[in-house]
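Open the model in your viewer and colour it by chain. The tour below goes from one selection to the next.

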Amino acid sequence: MNNPLHSKKAEWFVTVPGFVWLALFFAVPAVIVLAFTFHGHDASGGVGEWSLSTWKELVDPDYPAIVWNTIRISFKITVWSILLAIPCAYAIARMNKKWRAIVAGSIMLPFWTSFVVRVFAWKTMLHPDGWLQSCYLAWLKTSEWLFSWLPSAMQNFFIKIGMASAEPVSSATSTILDSEAAVVLVSVYSFIPFAIMPIYTAAEKFDFSLLEAARDLGAKNFYAFCRIFLPGVRQGVVSAILLVFIPAIGSYVIPQMLGGTDCILIGNKIFMRAIQNRNIPHASALATLMAVSVLLPLGLAIWWKSRQDARGKRRIEERSARFAASGRGSHA
Amino acid sequence: MKRSMFSVVVLISVLAFLYVPIILVIAYGFIPNGITMSFFDSQGNFTGFTLKWYEKIFSGDYSVKSLMQSFWLSLTVAGISTLVSCVLGTTSALALHRWRDRLQTIHHALVYTPLIMPDILIGISLLMLFVAVRIECGFWTILIAHVTFCVSYVAMTVLARLQDFDDRITEAAFDLGAGPWYSFFHVELPVLLPGIITGGLLAFTLSIDDVVITSFVNGAGTNTFPTYVSSMTKHSRNLPCVFVLSTLMLIFTCVMVGISKIITGRMQVTTQHK
């Protein structure tokens, strides 16, 4: 093509500004972080000689505990968000077009107020004298009573996903502010729109007459929902999981403002090491760990998607081959 | 057919869950007692509403000086970084749309990765860069950081708009004798403007709301509105002023989004007519 807009010069002209900016302020810093992990730190808050001491110091029992804590809490946040988001997405997708637009819009609207201010409003609401604290205590006491009837394996499961407390409940120790429960609650609050939106987008394309067909064939509502609707929106669910899990791993503001000293995540530790203790190599190493725990589920999801696509393609090919063969058979 | 009531009940409770804090943010701006942050006094009587915090903000009272400074800094940073990231994002989107070579593959990865990385990793890596080259943190480092995370959002929004772009109209402009600059400003830019405005608005809201990245690169004593709020304790004297400012910001954003909806809607209509 002779179009001057397609020349190499034009390509360079429009590529260079954004490319150089991102290379300089995104790619290069990432390399620097990685390089810093192979340095020791010096007492004046700078970066010392090349060494493996930083990686060796990460074995310090403090760090694996924090990494594990972060993954566990992010898992909790993700489970709660998805459990709440699926019925919401289902309900929105079943509305008529006008209502769908209104409700989907109103789910995103809270994002127009400052995120920190909303977290701060939560902090005020969760105050030990407030009504939410009384609700929380009542909830803990009821669940304690209810779960005492369950077999211990189930009790453990509910404790794991945060629906029951592991320690005996008392009004003095079980405050919701400065606890893990507050972090999970407010994180679910902040991330749930990101869980609803992709599932809703998938549910919009879902053919709801399939559910009716299942019911006509004798499936119970819940069974039809689990076996027909959920597999139908699974791609939306996978994106929702990523959209909640990744920011949850990186969350820093919510645990800092609401988690107290109980709930310290990788994000808080990175900030502590980088700003307060001025231990640059340790902060870099923790950041590297965090990047790995983000990229791992991401890679898994990409692998899962490509496998799904490949399987779908193969199935279509098989069926069309079978169809072609049978067609030829009937013609002959 | 019977609708599942359960899902509707969950949806309504989630909406309530999302809106209660917003309503409180607005209500706290009218609270008489800024220390206890309660609308009730010690006897449990309702104390009513007050406009004194609004007065304080608008009269430029000395006690809210540092809060207002942080607020204006946020607006300045958001404004400048929106402009810069619109320019960088649009050129990146044009490049990604028009060429498909190895350079653009790397370029695409560079634009896309910041979108999936947690903010805190962008913050810490920028801090490491500034430590490595020994730059003092302050206004300029905040600005650089904000442009960096906004560029990708603008680029992706404009790129989505470019998907519907009919490349033949540029070709037509060339055939009719337009130069590359003339065709950019008179043909492509008007068509892309709704996308750029949407991307810019997104960049502005992200920038004005960012606390994580800023708290790494702001240096001592330079605070934007969000970092100021996050470092505040509950019993700060002028706490309701923060809620007043965020109510004003909410109104401002609603108006901005409304205006941009009207503008982009009108533009789409005119381009369709042509």
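Is the crossing of α3(B) and α8(B) left-handed or right-handed? Select both helices in this predicted model: α3 covers residues 65-98 of chain B, and α8 covers residues 180-209 of chain B. The crossing is right-handed. The two axes come within 8 Å and cross at roughly 140 degrees.

Now show side chains at this contact. On α3(B), pick S74(B), V77(B), A78(B), S81(B), T82(B), S85(B), C86(B), G89(B) and T90(B). Facing them on α8(B) are L192(B), I196(B), G199(B), G200(B), A203(B), F204(B), S207(B) and I208(B). Colour by class: eight residues in this contact are nonpolar, nine are polar and none is charged.

Next, bring both chains into view. How many residues does each chain put into the contact? Chain A supplies 68 residues and chain B 69 residues. Select helix α1 of chain A, residues 8-36: this helix gives the most to the side of chain A that touches chain B, with 19 residues. By class, that side of chain A has 51 nonpolar, 12 polar and five charged residues.

Last stop: N268(A). Look for this residue in helix α13 of chain A, residues 266-276. Is N268(A) buried or exposed? N268(A) counts as buried because 20 other C-beta atoms lie within 10 Å, and 20 or more is the cut-off. Leaving out residues up to four places away in sequence, N268(A) touches Y252(A), P255(A) and Q256(A). Draw a distance from N268(A) to Q256(A): their C-alpha atoms are separated by 6.7 Å, with the two residues 12 apart along the chain.

Methods. Residues are numbered from 1 along each chain as its sequence is written. Chains are lettered from A and ligands numbered from 1 in the order in which they are written. This is a predicted model: local features need pLDDT of at least 70, side-chain atom pairs count only at pLDDT 80 or more; totals for chains, interfaces and linings use all residues. Two residues are in contact if their C-beta atoms, placed from the backbone, lie within 7 Å. Helices (H or I, at least four residues) and strands (E, at least two) are DSSP runs, numbered from the N terminus. Ala, Val, Leu, Ile, Met, Phe, Trp, Tyr, Cys and Pro count as nonpolar, Asp, Glu, Lys and Arg as charged, and the others, Gly among them, as polar. A residue is buried if 20 or more other C-beta atoms lie within 10 Å of its own, exposed if 12 or fewer, and partly exposed in between; C-beta atoms are placed from the backbone. Axes are lines fitted to C-alpha atoms, for helices over the stretch in contact, and angles run from 0 to 180 degrees between N-to-C directions. A crossing is left-handed if the near helix is turned anticlockwise from the far one by less than a right angle, and right-handed if clockwise.
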